[in-house]
Amino acid sequence: MKLYIETVGCQMNVLDSELVVGSLRRQGYELTYEAEAADVILFNTCSVRQHAEDKIYSALGRLRQHKRQNPSKIIGVLGCMAQKDQELIRRRAPHVDIVCGTGQLARLAELIGQVRDTGRPQVALSLDRTESRHEVERSFESYDPLRDPSMRPDPFQAYVRIMIGCDKFCTYCIVPSVRGPEQSRHPEQIAAEVRQLAAEGCKEIMLLGQTVNSYKYDLGDGRRVRLSDLLEKIHATPGIERIKFVTNFPKDMTDDLLQAVRDLPKVCRYLHVPVQSGCDDVLTRMKRLYTVAFYRDMLDRCRETVPGVAISSDFIVGFSGETEASFAKSCDLVREAGFKNSFIFKYSPRPGTRGYELYADDVPEEVKKRRNNDLLAIQTKVSLADHRRLIGERVEVLVEGPSKNALKHGSSGPGQLTGRTRTDHIVVFDGNSRLVGQTVMIDIHEASPFTLYGSVVTGEQVGVDHCEMAEEREPELSAGPRRIGLPLV
Ligand code: SAM
Ligand code: SF4
């Protein structure tokens with residue numbers, strides 16, 4: 001049986017797809033990269049912005065005829081859109097056989113079997129958040145089956161989920177509805193998963209949570225495990241060289257966490273802490289629970305406690321009621337905050353959120369577009385200055401694979417490679433493909449807003465013992481969705 005999967009959205013979705021494919025492969029499925037060659041065609045979906053949903057509906061539309069001609073093929077919609085819109089999916093794409101929400105992925109194999117046995121569509125969804133908290137929590141099951149190293153593009157990097165859901169209810173955001181209540185995983189379970197990954201050759205772990213720094217697990221004997229405690233626990237895992245974590249909520253950036261980032265050498269000095277807007281009125285309407293002054297103080301605290309830390313952010317432009325004056329405050333913040341990079345999004349009203357009910361989508365599309373471009377242009381200058389600071393420096397890079405350029409021109413033997421520093425700056429350099437998965441020192445010669453260019457320091461490869469010398473120097477990340485082997489649309 002052949003399986004095809006397309007993934008839209010964040011790192012959490014990429015991880016869910018990796019796990020779905022891993023567990024279906026254990027049941028005999030083989031992965032194919034052509035939808036029409038597959039017996040089971042899955043779409044793991046995102047609902048954060050309308051655009052992500054539109055992509056899935058057009059992909060489903062393209063398969064309508066194929067399904068008509070091949071009725072035994074099974075088409076499934078998984079994840080956030082499935083949880084949010086089962087009726088709409090059935091109306092717009094009646095040829096879909098399976099609708100399976102984020103909290104029900106463990107049932108996917110059973111659902112495929114039921115479609116095959118009965119010929120009838122199957123739906124598995126968690127409860128919506130109007131029910132009692134306990135019941136809703138139980139209905140959103142964290143999907144953490146055994147890891148399968150062959151499902152990652154490189155065995156030396158892996159995502160690890162430490163929590164599911166979100167309780168912040170920012171007024172623009174659909175995540176708390178489609179991913180359910182915030183629930184942290186047991187620290188022992190996480191540590192065991194990290195040990196397994198390390199035993200399989202994994203060097204870099206990225207811990208995932210919607211508000212990862214809100215992680216807390218009550219052990220039941222009065223002791224509470226926080227993210228700082230969890231980092232310390234994972235830090236002790238032999239073989240693990242780098243630990244990152246995304247995404248942070250500004251209010252939950254506690255001193256104990258910053259001290260852990262400072263004191264644990266394997267923890268990368270990179271923090272993704274989305275601010276969303278530089279204007280207090282907008283932040284209030286977004287219900288972000290902090291002011292711009294609080295956020296600026298938090299940045300100072302991060303930089304004072306963790307020297308050399310790289311910080312990145314997210315912004316939404318064109319949120320309801322955002323005037324030119326409020327947008328100008330976001331521009332000021334980007335000019336002054338020194339973010340390594342920012343992800344900038346045009347506000348997309350989401351039915352089912354408080355923002356959709358309370359506020360009109362009153363910023364015209366062309367104004368959103370212009371603000372997006374303007375803010376990006378400012379951030380690009382800031383990023384270039386940040387990257388240029390590193391020219392002449394020697395940085396430690398975990399080599400991830402061929403650069404985009406090398407992939408495009410497809411050559412074998414020595415070629416252009418890419419990797420990231422401990423602060424998540426992307427570095428491109430010439431080297432032999434045997435360096436992939438190794439940690440090397442690179443001298444930086446050139447910089448663009450998004451990439452550093454350098455050359456390998458010959459005769460020098462480093463392990464974690466040598467990391468600290470590099471840590472002093474750089475800062476960087478990119479919390480954007482990183483491709484994990486599978487088709488990502
Ligand atoms: N949990 C993370 C946090 O709180 O920052 C981010 C989750 S969300 C999937 C990623 C980013 O998408 C957010 O930081 C926000 O900038 C953006 N986003 C969320 N809802 C949006 C909407 N309705 N329109 C545009 N961008 C949105
Ligand atoms: Fe969405 Fe806000 Fe939760 Fe992030 S913190 S997932 S933006 S509701």
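The expected span is 1.5 Å times one less than the number of residues, and helices (H or I, at least four residues) and strands (E, at least two) are DSSP runs, numbered from the N terminus.

Please keep in mind that this is a predicted model, in which local features need pLDDT of at least 70 and side-chain atom pairs count only at pLDDT 80 or more. Residues are numbered from 1 along each chain as its sequence is written.

Which residues of H14 are buried? They are Ser326, Phe327, Ser330, Cys331, Leu333, Val334 and Ala337, where buried means under 20% relative accessible area and exposed over 50%, with a 1.4 Å probe and protein chains only. Seen down the axis of H14, these buried residues fall within an arc of 160°, taken from the directions from the helix axis to the C-beta atoms, so they line one face of the helix. On the face turned away from that buried side, H14 carries the exposed residues Ala325 and Glu336. The cover over the buried residues includes helix H12, helix H13, strand S15 and helix H16, with contact meaning heavy atoms within 4.5 Å. Just after H14, Gly338 takes a positive phi of about 70°.

Turning to strand S13, residues 242-246, we find that 5 of its 5 residues are buried, with Arg242, Lys244 and Val246 on one side and Ile243 and Phe245 on the other. Strand S10 runs parallel to S13 and is joined to it by 5 bridges, where pairing requires at least two DSSP bridges.

Note on methods
Chains are lettered from A and ligands numbered from 1 in the order in which they are written. Side-chain values use heavy atoms; hydrogens and water are left out.
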